[in-house]
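Please work through the exercises below with the sequence and the model open beside you. Each task is followed by a solution that goes step by step.

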Amino acid sequence: MAMKHSKYIWFDGEMVPWEKATVHVLSHALHYGSSVFEGIRSYTTPNGAAIFRLEDHIQRLIDSAKIYRMDLHYSRAQLEEACRLVVVENGLSSAYLRPLVFKGYGSLGVATQDVPINTIVAAFEWGAYLGEGGLSDGVDTCVSSWIRPSPNSLPAMAKAGGNYLSSQLIVEEANRNGYREGIALDCEGFVSEGSGENIFVVRNGKISTPPVSGSILPGITRHTVMTLAERRGLQITEERIPREALYIADEVFFTGTAAEITPVRSVDRMKVGEGKRGPLTEALQNDFFGLFDGSTPAPDGWLDYPKTEV
């Protein structure tokens with residue numbers, strides 16, 4: 001999906017024109033993947049642009065940096081304000097935000113003690129991650145031949161740039177074989193997640209999702225869906241899911257900031273349920289998008305409204 005340019009990117013405390021927000025080719029992160037980041041969405045609401053769960057996203061960014069022993073130069077409040085600023089300065093309402101903390105230019109040794117740390121926040125328009133029809137029609141998927149790293153190899157709880165080399169292998173293998181997305185297993189052979197999404201499985205009215213110990217990123221949209229499901233009185237559990245459960249599921253769906261809530265219509269060319277979006281998936285989608293039109297009450301702190309004037 002082509003990226004739509006905005007006017008400005010927040011770069012180490014300054015608003016920089018999009019085309020001038022550049023780094024040196026010998027930057028550490030470019031060679032070793034030494035970065036942590038977030039994906040955040042802003043939605044159009046009756047009260048203007050609202051950044052979804054901004055505080056939770058920035059907390060996860062801070063946690064990711066801590067896991068990789070990266071010293072942030074900005075406070076939580078400063079990072080949150082940077083996110084608001086790029087929405088306002090770029091004149092955006094519905095937008096995707098990308099905060100990124102990365103090891104910059106200074107040394108090419110693998111050790112990073114002497115490498116400076118840079119921080120940026122970008123914001124731009126971005127549509128449906130898995131295709132415009134994916135939210136309603138569902139997507140075709142396969143179980144990848146690539147597995148997620150074990151918990152004692154790479155920390156899955158950190159949203160780190162280097163972790164997404166695994167994701168690239170998963171999704172590009174799926175794309176080459178005619179699928180929209182891949183599903184990875186963990187190191188013990190249980191369902192883990194998509195290349196960039198958490199996954200839920202519905203069977204006989206019960207909703208299951210892999211636990212944090214299954215080499216998954218604890219998704220904020222994942223938590224949102226679990227909260228919305230509990231509001232509906234739906235039974236939802238975190239448990240190990242065997243591969244074959246995907247084949248006999250009534251419904252399967254992905255969740256993520258980019259993917260939002262996207263139904264899976266087939267796995268390994270086997271139809272999931274009736275091969276289309278199922279009723280529980282649709283109900284949760286309605287609840288989720290209702291957070292932004294006011295039809296679903298949003299818990300305190302879930303919607304952050306940037307100032308209309310800077």
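Predicted model: local features only at pLDDT ≥ 70, side-chain atom pairs only at ≥ 80, totals over all residues.

**Exercise 1.** Determine how helix 6 and helix 8 are oriented to each other, and list the residues that make the contact.

*Solution.* Begin with the axes: those of helix 6 (residues 220–231) and helix 8 (residues 279–293) come within 10 Å and cross at roughly 110 degrees. Angles of 65 to 115 degrees count as roughly perpendicular, and helix 6 and helix 8 are therefore roughly perpendicular to each other. The next step is the handedness, and here helix 6 passes helix 8 in a right-handed crossing. On the side of helix 6 the contact is made by Thr221, Thr224, Val225, Leu228 and Ala229, while helix 8 contributes Leu284, Asp287, Phe288 and Leu291. Sorted by class, the residues in this contact of helix 6 with helix 8 are 6 nonpolar, 2 polar and 1 charged.

**Exercise 2.** Describe the largest nonpolar core, stating which residues touch the most other members and which element gives the most to this core.

*Solution.* The largest nonpolar core has 24 residues, of which Val36, Ile40, Ile51, Ile58, Cys83 and Leu97 touch the most other members. Turning to secondary structure, two or more residues of this core come from each of strand 5 (48–52), helix 2 (54–67), helix 3 (76–89), strand 6 (95–103) and strand 7 (117–124). Among these elements helix 3 gives the most, with 6 residues. To see the surroundings of one member, take Ile51: with residues up to four places away in sequence left out, Ile51 touches Ile40, Arg41, Ser42, Cys83, Arg84, Val87, Leu97, Trp302, Leu303, Asp304 and Pro306.

**Exercise 3.** Locate Ser215 and Arg269, examine the phi of Ser215 and of Arg269, and decide whether Ser215 is buried or exposed and whether Arg269 is buried or exposed.

*Solution.* Ser215 is found in the loop between strand 12 (206–209) and helix 6, and its phi is positive, at about 60 degrees, although Ser215 is not a glycine. The relative accessible area of Ser215 is 6%; buried means under 20%, so Ser215 is buried. Arg269, in turn, lies in the loop between strand 15 (260–267) and strand 16 (270–271), and Arg269, also a residue other than glycine, has a positive phi near 65 degrees. With a relative accessibility of 64%, Arg269 counts as exposed, the cut-off for exposed being over 50%.

Definitions and conventions: Residues numbered from 1 in each chain as written. Heavy atoms only, no water. Axes fitted to C-alpha atoms, helices over the stretch in contact; angles between N-to-C directions. Helix = DSSP H or I, 4+ residues; strand = E, 2+ residues; numbered from the N terminus. Parallel < 35°, antiparallel > 145°, perpendicular 65-115°, else oblique. Left-handed = near helix turned anticlockwise from the far one by under 90°. Contact = heavy atoms within 4.5 Å. Nonpolar A, V, L, I, M, F, W, Y, C, P; charged D, E, K, R; others polar. Core = buried A, V, L, I, M, F, W, Y, C linked by side-chain atoms within 4.5 Å. Buried < 20%, exposed > 50% of the residue type's maximum accessible area, 1.4 Å probe, protein only.
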